[in-house]
Amino acid sequence: MTELSREVVVVDPVVSVAEVAKFDRELAEQGATSAVIDRVGYALAQAAISLLGGTYGRRVLIVAGRGNNGNDGRSMGHHLNRLGVSALVVEPEAMPLLSMGPQPDLVVDAILGTGLARPFDPPKLPDGVPVLSVDLPSGISGDTGELVGEAIHADYTAVIGALKFGHLFGPGRERSGRLVRILPELHPVDSRCHLVTARDLGAVIPEVPAQSHKWSAGVMVVGGSAGMRGSAGFGAGGAMAAGAGMVHLVTRAEPNEMIDHPSEVVVDRLESYFAEPVVAASRRFRSIVLGPGLGGSLQIGNFVRRLLVDTDCPIVLDADGLTCFRDTANLARTLTRRRAPTILTPHHGEFERVFGPIEGSPVVACSQAAIDSGAVVLLKGSPTIVADPSGAVALSAVGTAKLASAGTGDVLAGVIAGLLAQGMSAYEAAWAGAYLHGAAGAGVATGKVTATSLVEAIARYYGSLNCVSPAQELLR
């Protein structure tokens, strides 16, 4: 990987309400608030004109509250009138008394911004008129996307500077409508959370060295049990699709059970839950997937702990491998003894089983889990959250609801292990794997994304990325 590629990764920030408030205070201390509001108002006016398709004969109704969000709306009205659009600015309380006259072409919601302190009761807006919200639909929590009382249902939202969590989570994602970014440079510079884009994936995806061989990126998948043969096979398929050169599937599934996996995968029979042979075999591999379909018992829990403590390569701890730990402290005691990175990949239920209920922001909960466990934590969802113990957070919002089908989570664990085996850091492999998994799934044309169709789509998507070293490029 080149030094240049390292300089451009993950640059689309997502900020919290507290970070926005701190940024606003800093602007006020610099005496810059009025100038910034004027810039925002002009940018909002330009965005509205673009949506309206021009200025001649256009009418805009702006409902402006008393805070800075309302000030942005009033500034927008000033610039719209100056640019030739008929703009009327009213306070929310005046809406019931307003004589509408001719129907406006656009209604602007500038009632409340991110600093929402009490339940919101929205005014009645004109029916059938598109609504543009300023920064965030009024009534949406900027940190969770949840409704605070009731909320405006926007057709468009003009995002000022950085995205807020409320644009990406919960009802806020739907209520925001189409996002229109204005003044993208206007945001706090110290945000630790970013939205992953295709550009970021292209910047970090490993190049295949010219001298590489099949064991350069070997992955071991430990999972499967009697009656649970599919999960581990899907993990193996995910690893192969994401560039693993050799995959061994170590399983307790019965010999007469057909294991669904690519024919290139080597299946090793796990005769017992005695860890030493698996630890010895693991030394040939660059990463391990541990847990899919493994089952749950005290014996299996002890087996998982031995592999975590005694192996030296990065591990993706998934499904039964994770939930054999009864709580965070129990998990952390084992992970502190590890000599290599660990990535935890729970869905919502598995997360709460190990780390406790998620109350409030899932981003905060996931970040705390990463700090407490000392591992990278990937919380599957829409969007998927990836938190590093350092405090860095990445969100992957690409994907489709069609991915909610059996086995697709196992595929994701394998994809991350495939990237780890090629030398990526645990944090990068986790967010890159989440994006690769979601983007490939979104491209599947069938009505439902099955684990098998997803593996094929990931292999095609991964193959389309530029993973060839400069030396190989010269020989083409």
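The axes of helix H7 (residues 230-241) and H16 come within 8 Å and cross at roughly 15°. This is a predicted model. Angles under 35 degrees count as roughly parallel, and H7 and H16 are therefore roughly parallel to each other. Their crossing is right-handed. On the H7 side, the contact is made by Phe-234, Gly-237, Gly-238 and Ala-241. H16 contributes Ala-451, Thr-452, Val-455, Ile-458, Ala-459 and Tyr-462. By class, the contact of H7 with H16 has seven nonpolar and three polar residues. No charged residue takes part in the contact of H7 with H16.

Helix H14 (residues 408-421) also packs against helix H16 (residues 451-464). Their axes come within 9 Å and cross at roughly 30°. H14 and H16 are therefore roughly parallel to each other. The crossing of H14 and H16 is right-handed. H14 brings Thr-408, Val-411, Val-415 and Leu-419 to the contact. From H16 come Ala-451, Leu-454, Val-455, Ile-458 and Tyr-462. The residues of the contact of H14 with H16 divide into eight nonpolar, one polar and no charged.

Now turn to Ser-373. This residue lies in helix H13 (residues 362-373). Buried means under 20% relative accessible area. Ser-373 has 3%, so Ser-373 is buried. The side chain of Ser-373 reaches the backbone nitrogen of Ala-375 at 3.3 Å. Leaving aside residues up to four places away in sequence, Ser-373 touches Leu-331, Ala-332, Leu-335, Leu-344 and Phe-355.

Key. Residues are numbered from 1 along each chain as its sequence is written. This is a predicted model: local features need pLDDT of at least 70, side-chain atom pairs count only at pLDDT 80 or more; totals for chains, interfaces and linings use all residues. Side-chain values use heavy atoms; hydrogens and water are left out. Helices (H or I, at least four residues) and strands (E, at least two) are DSSP runs, numbered from the N terminus. Buried means under 20% relative accessible area, exposed over 50%, partly exposed in between (1.4 Å probe, protein chains only). A polar contact is a pair of N or O atoms within 3.5 Å; within protein, one must be able to donate a hydrogen and the other to accept it, and residues adjacent in sequence count only if both atoms are side-chain atoms. Contact means heavy atoms within 4.5 Å. Axes are lines fitted to C-alpha atoms, for helices over the stretch in contact, and angles run from 0 to 180 degrees between N-to-C directions. Angles under 35 degrees count as roughly parallel, over 145 as roughly antiparallel, 65 to 115 as roughly perpendicular and the rest as oblique. A crossing is left-handed if the near helix is turned anticlockwise from the far one by less than a right angle, and right-handed if clockwise. Ala, Val, Leu, Ile, Met, Phe, Trp, Tyr, Cys and Pro count as nonpolar, Asp, Glu, Lys and Arg as charged, and the others, Gly among them, as polar.
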